[in-house]
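This report describes a single protein chain from its fold down to selected residues. The sequence and the structure come first, and the text then follows them.

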Amino acid sequence: EEPVPPCVPSCPLPGKICDVARGERPGSCCGMAMAGLRTAKYQLPEWHRRNAKVYNQAYTTGEESERDRAESQHLSKHAAGCAQRAQQYSKSTLAQRLQDIHFWRVELQKEIMELDAETNLLAAQKVRLQRTLDATEVPYGVVTDNLQCRERRQPPDLVIDEVERQLMKEADLIRNIRDLLKRTIIQATNQIRSNRIQKECCERDWSDKVETYHIDDKCVGYDNDSTNIQAHPSSVKFEENASTPKTWAQFSHDNIYNAEQEKLASVQLRSLINTIIHDVSEDLRMQRAASNEAFDNHCRELDDAKLRLEQHLEKILKDIGEQEANIVALKQAIRDKETHLKVAQTRLYDRSFRPNVELCKDEAQFRLVSEVEELTVFLEALKRKLMESEQCLKKLEETRMKLEKEIAVKANSLFIDREKCMSFRIRYPVDLEVASYK
């Protein structure tokens, strides 16, 4: 509040007392009549009083004018000093305000650059996640193809073995990995969106502060000699929506704090993405090794089973050959014995025509009968043995067919597991973590 300039106290001027004798002639009003309302002449005392009054008024007016001039000069000097001091104080206040704006502008710009760099890093991690997700398509296709190929095994070998369990486990693992990667990609997309939203908030605040800095910097440059100054009476007011210095600083502080929080969340998410890619790559590598080991073990088991079957088949084929030779020998023996029997029976038949007493039961007759009986017994035994041998040969043939079928089944299983499945698994990516950078 500007001080009130001091006032010089006024004092009455000394008046001159004039004794004027009151006129005694009639018609006199003793000088009390108003000018223009009287026709009589003034008395001399009235004239002196009037002159004294005029002098007194002139002296009073002169003193008042001198006092007014002194007060005006003092007030002008004081107002000029106060205005100069107020202008310098306002200029220093604006300069301090420029420093505050510059501080928050620099902090916001720094935060914008850091948040933009962090967003770019997170976007690169998102690309790694997408590449990792794309890289899982080949393993999943390999596993599903392996399972479909193994469905074409023939019934004796169409079993739920360790290989199938490992393949099912591998397929479930890949599906879980793909779901995890998809969820993480969505999380990264949301975090990138949050980073960009917060960056836009900081950029708006930074842009406002840049504009305000230019305005206040222009205001600092104004002085009494500036050519672009003019009166704006309506500007002397506070806007209803104007902020206070506390809320102004708190607004930028909140923007920077929120940006720091988003940046921290982004850094944590990037670290989580690195861990996820490494872990899923390691899990898939271990499961792939377990499936390959199961394939190797199963192929060795199939090789051993096939080799044993082939050895049995070789022995069965040898037995079949020997049995066929045995049957041929038995048939030849039967034919030989039938010839012997025909000879003995022919002898007995011819001797049955001996005349009269010559039809004698001699030793030769008994021997021929005994020979026929012996040959008959041998023939029946040989025929039974032939039937048994033929039955045995039939069983050997059936066994041979079973062995050949089993060998074909094992060969088919080996072809599926080794040629179809294991050769296709060569396309399996070496490492998902490496594939995420390609």
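## An opening question

Is Ser 352 buried, partly exposed or exposed? Ser 352 is partly exposed, with a relative accessible area of 39%, where buried means under 20% relative accessible area, exposed over 50% and partly exposed in between, for a 1.4 Å probe and protein chains only. Ser 352 lies in the loop between helix 4 and helix 5, and its C-alpha atom is separated by 9.6 Å from that of Gln 365, 13 residues apart from Ser 352 along the chain.

## Basis of the description

The model is a predicted one, in which local features need pLDDT of at least 70 and side-chain atom pairs count only at pLDDT 80 or more, while totals for chains, interfaces and linings use all residues. Residues are numbered from 1 along each chain as its sequence is written, and side-chain values use heavy atoms, with hydrogens and water left out.

## Overall fold

The secondary structure comes to six helices and zero strands, where helices (H or I, at least four residues) and strands (E, at least two) are DSSP runs numbered from the N terminus. Along the sequence, the chain therefore reads as the pattern α-α-α-α-α-α.

Of the 438 residues of the chain, 28% count as buried. Among contacts (heavy atoms within 4.5 Å) between residues at least 6 apart in sequence, 87% join residues at least 24 apart.

## Packing of helix 2 with its neighbours

Two packed helices are described by the angle between their axes and the distance between the axes. Here axes are lines fitted to C-alpha atoms, for helices over the stretch in contact, and angles run from 0 to 180 degrees between N-to-C directions. The axes of helix 1 and helix 2 come within 4 Å and cross at roughly 15°, which makes helix 1 roughly parallel to helix 2; angles under 35 degrees count as roughly parallel, over 145 as roughly antiparallel, 65 to 115 as roughly perpendicular and the rest as oblique. In this contact, Leu 133, Asp 134 and Ala 135 of helix 1 meet Glu 137, Val 138 and Pro 139 of helix 2. The residues involved divide into four nonpolar, no polar and two charged, where Ala, Val, Leu, Ile, Met, Phe, Trp, Tyr, Cys and Pro count as nonpolar, Asp, Glu, Lys and Arg as charged, and the others, Gly among them, as polar.

Helix 2 (residues 137-150) also packs with helix 3 (residues 162-221), at an angle of about 150° and with the axes 10 Å apart, so that helix 2 is roughly antiparallel to helix 3. Among the residues that make this contact are Tyr 140, Val 143 and Leu 147 of helix 2, and Glu 164, Leu 167 and Ile 174 of helix 3. The residues of the contact of helix 2 with helix 3 divide into nine nonpolar, one polar and six charged.

## The largest nonpolar core

A nonpolar core is a set of buried Ala, Val, Leu, Ile, Met, Phe, Trp, Tyr and Cys residues joined through side-chain atoms within 4.5 Å. The largest such core has 31 residues, and those with the most contacts inside it are Leu 129, Ile 177, Leu 181, Ile 273 and Leu 284. Two or more residues are given to this core by helix 1 (44-135), helix 2, helix 3, helix 4 (245-351), helix 5 (363-424) and helix 6 (432-435). Helix 3 gives the most, with 10 residues.

## Buried polar and charged residues

Glu 111, in helix 1, is buried at a relative accessible area of 4%. Not counting residues up to four places away in sequence, Glu 111 touches Ile 256, Ala 259, Glu 260 and Lys 263. Glu 164, in helix 3, is likewise buried, with a relative accessible area of 15%, and, leaving aside neighbours within four places in sequence, is in contact with Leu 147, Arg 150, Glu 151, Arg 153 and Val 159.

Ser 252 is placed in helix 4 and is buried, with a relative accessible area of 0%. Apart from neighbours within four places in sequence, Ser 252 is in contact with Trp 104, Leu 108, Asp 205 and Lys 209. Ser 252 and Cys 202 are 50 residues apart in sequence and 7.9 Å apart in space, C-alpha to C-alpha.

## An exposed loop residue

Most residues other than glycine have a negative phi. Asn 356, although not a glycine, has a positive phi of about 50°. Asn 356 is in the loop between helix 4 and helix 5, and counts as exposed at 74% relative accessibility.
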